[in-house]
Amino acid sequence: MNHIQARFSRITGTGSYLPPRRLTNDDLAAQLAADGIETSDQWIVERTGIRARHFAEPDVGSSDLAVEAAKRALAAANRSAGDIDLIIVATSTPDMVFPSDACIVQAKLGAHGCPAFDVQAVCSGFVYALAVADSMIKTGAASKALVIGAEVFSRILDFKDRTTCVLFGDGAGAVVLEASNEPGILASELHADGRHVGILCVPGTVSGGRVFGDPLLKMDGQAVFKLAVGVLENVARSVLAKASRADADIDWLIPHQANIRIMQSTAKKLKLPMEKLIVTVDEHGNTSAASIPLALDQAVRSGKIRPGDTVMLEGVGGGFTWGAVLLDF
Ligand code: UT7
């Protein structure tokens, strides 16, 4: 009798890395005050929940952070770089225009030959990358993937714009995703609406050896806030329905770590007690594509997330992009 074995993907190891330089809100406020820009710990905490962020040194690129996170994820999965047959890096702050961070990471890890590419979906990047890796594993195109989110947003911040520069930080998180007979990833869904390109963007580009336009981050915070709150609830419900699960089945919610108010509102809409919400935005700020794998790794290593727990990951950000992945850990 022919028996067709279903093929799923599951996370077998997590890792993360934060650059050592930590700036509290007071540190940043003092730095901005030197340029005549006023902000305060009180404003930042009240509006965002952020208390500190990490910034990489000038000679450290997102690929360096990615490699450290990847090494830790590989060790947790009990795998070596040579076992990996797919590398995807989610980043909007790659080392170079090209080649991709993924190729640079591959070279630094010494894992030659496997496909390696970047996914650019800003703060939804990790959820996009995880969904792509899951699809490639399900089709048999890969069986052991390294999926990484890595950012150095400090490089694209306008330190004269207090409405944005206090929000972001640098860091990286990674997972090893392996083929498995059982899920693993239960369901995922990705979305984009390019009509909202202008509300969160870095409008500069490189042309003729020069930077054209403004290569610093611009955000209409309130427009992003309103869109984010709506789409995060809808996409979570849709992914739960696809997986035939209910709100109450979620053990842990890991939304993109941008603003504690958005995260709490999503948890409330999903009728989840706040204890089920993983929060790292207070210590990391918004690390864009790195925020979800960083939060996941911290929650795993602290013993909160345990094997068998059901976890909802939700990304939202520039594009406008959003998406969710529901998984059994
Ligand atoms: O990663 C992608 C996803 N991104 C997000 O999810 C970001 C979503 N948006 C937000 O998180 C919030 O909109 C912000 C945190 C960016 C802003 O919070 P808000 O409650 O929407 O504040 P606001 O923009 O309405 O500004 C309120 C006041 C303004 O002053 P006036 O006009 O009321 O006098 C701002 O000028 O706060 C002022 N302000 C600040 N004051 C001190 C803005 N930034 C600062 C600051 N320090 N850093």
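## Backbone features

G184 is placed in the loop between β7 (170-180) and β8 (185-192), where helices (H or I, at least four residues) and strands (E, at least two) are DSSP runs numbered from the N terminus. The peptide bond that joins P183 and G184 is cis, with omega about 20°. The structure is a predicted model, in which local features need pLDDT of at least 70, side-chain atom pairs count only at pLDDT 80 or more, and totals for chains, interfaces and linings use all residues. Residues are numbered from 1 along each chain as its sequence is written, and side-chain values use heavy atoms, with hydrogens and water left out.

A cis peptide bond also runs from G319 to F320, with omega near -5°; F320 belongs to the loop between β14 (310-317) and β15 (321-328). V122, a residue other than glycine, has a positive phi near 50°, and V122 is located in the loop between β5 (116-119) and α5 (125-138). Most residues other than glycine have a negative phi, and most peptide bonds are trans.

The ligand is surrounded by 23 residues, a residue being near a molecule if one of its heavy atoms lies within 4 Å of it. The closest are T39, R162, Q222, N259 and N286. By class, the shell comprises eleven nonpolar, eight polar and four charged residues; here Ala, Val, Leu, Ile, Met, Phe, Trp, Tyr, Cys and Pro count as nonpolar, Asp, Glu, Lys and Arg as charged, and the others, Gly among them, as polar.

For N286, an N or O atom of the side chain is 2.6 Å from a ligand oxygen. The corresponding distance is 3.0 Å for the side chain of H256, and a polar side-chain atom of R261 lies 3.1 Å from an oxygen atom of the ligand. The protein covers 74% of the 960 Å² of accessible area that the ligand has on its own, as given by the Shrake-Rupley method with a 1.4 Å probe. Two or more residues of the shell come from each of α2 (41-48), α6 (162-165), α7 (221-242) and α8 (260-269); α7 provides the largest share, four residues.

## Side-chain pairs

The whole structure contains 13 salt bridges, each defined by a side-chain nitrogen of Lys or Arg within 4 Å of a carboxyl oxygen of Asp or Glu. One of them joins R21 and E57, at 3.2 Å from N to O. This pair links distant parts of the chain, 36 residues apart: R21 is in the loop between β1 (8-17) and β2 (22-24), and E57 is in the loop between β3 and α3.

Three aromatic pairs are counted, with ring centres of Phe, Tyr and Trp (its six-membered ring) within 6.5 Å, and planes under 30 degrees apart termed stacked, over 60 edge-to-face and the rest tilted. F55 and F159 form an edge-to-face pair, 6.0 Å centre to centre, with 80° between the planes. F55, in the loop between β3 (52-54) and α3 (62-77), and F159, in the loop between β6 (144-152) and α6, are 104 residues apart.

Terms used:
Polar contact = N/O pair within 3.5 Å; in protein donor to acceptor, adjacent residues only side chain to side chain.
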